[in-house]
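Morning, everyone. Let me put the next model on the screen. We start at one hairpin and then zoom out.

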Amino acid sequence: PKDFSSNGMNITLTDEFVKTDIENYTVAYDSKNVAVFALKEAFALADGFQDYTLEQYGNLVLQNNNLSASKLQNLEGLTEFEYEFTNPDTKDTYKYFSFVYKADDAFWLVQFATLTENADEYRSKIFEWAKTVSFNYPTSNSV
């Protein structure tokens with residue numbers, strides 16, 4: 001196991017993963033068979049956003065990304081949804097396991113992607129990794 005930390009999000013993966021930059025994501029990690037894409041959406045984005053429940057946020061993500069075929073579900077103590085995406089350039093089809101979290105100042109969407117033919121093999125590992133996600137923010141010492 002290897003711990004990664006970025007922008008207040010912590011996750012335990014394996015040493016096969018390396019941090020990488022992916023446009024439009026807060027942080028991403030890549031390995032030979034699984035990629036992780038994390039997006040932080042601050043409560044400051046919209047009035048009342050901090051009052052949303054995890055389910056409301058998850059359903060908003062589904063709606064905004066036209067993923068009406070996917071359903072938000074609670075599995076193994078996690079709030080998640082799954083979908084497939086075919087890369088138009090390579091024609092490879094990926095299975096996405098997407099988890100939503102609520103931290104002190106933002107919602108997080110953490111997605112694990114693997115080729116569809118590898119999804120069954122990696123499913124339990126992905127859920128194990130998703131359970132390690134935590135958030136810490138520096139506390140200010142105000143006097």
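Look at Ser-6: its bridge partner in strand 2 is Met-9. This is a predicted model, so local features need pLDDT of at least 70, side-chain atom pairs count only at pLDDT 80 or more, and totals for chains, interfaces and linings use all residues. Residues are numbered from 1 along each chain as its sequence is written, and side-chain values use heavy atoms, with hydrogens and water left out.

Strand 1 covers residues 2–6 and strand 2 covers residues 9–13. They run antiparallel, joined by 5 bridges. Pairing here takes at least two DSSP bridges between two strands. 2 residues sit between the strands, and Asn-7 takes a positive phi near 55°.

Now the whole chain. How many helices and strands does the protein have? 2 helices and 10 strands. Those are DSSP runs, numbered from the N terminus: helices are H or I, at least four residues, and strands are E, at least two. The order along the sequence is β-β-β-β-β-α-β-β-β-β-α-β.

Next, overall dimensions. The C-alpha atoms fill a box of roughly 55 × 35 × 30 Å along the principal axes. Of the 143 residues, 39% are buried, meaning under 20% relative accessible area with a 1.4 Å probe, protein chains only.

Contacts next. Take pairs at least 6 apart in sequence: 44% of those contacts join residues at least 24 apart. A contact means heavy atoms within 4.5 Å.

Last, charge. There are 11 positive and 22 negative side chains. Lys and Arg count as positive, Asp and Glu as negative; His and the chain ends are not counted.

Key:
Buried < 20%, exposed > 50% of the residue type's maximum accessible area, 1.4 Å probe, protein only. Charge placed at Lys NZ, Arg CZ, Asp CG, Glu CD.
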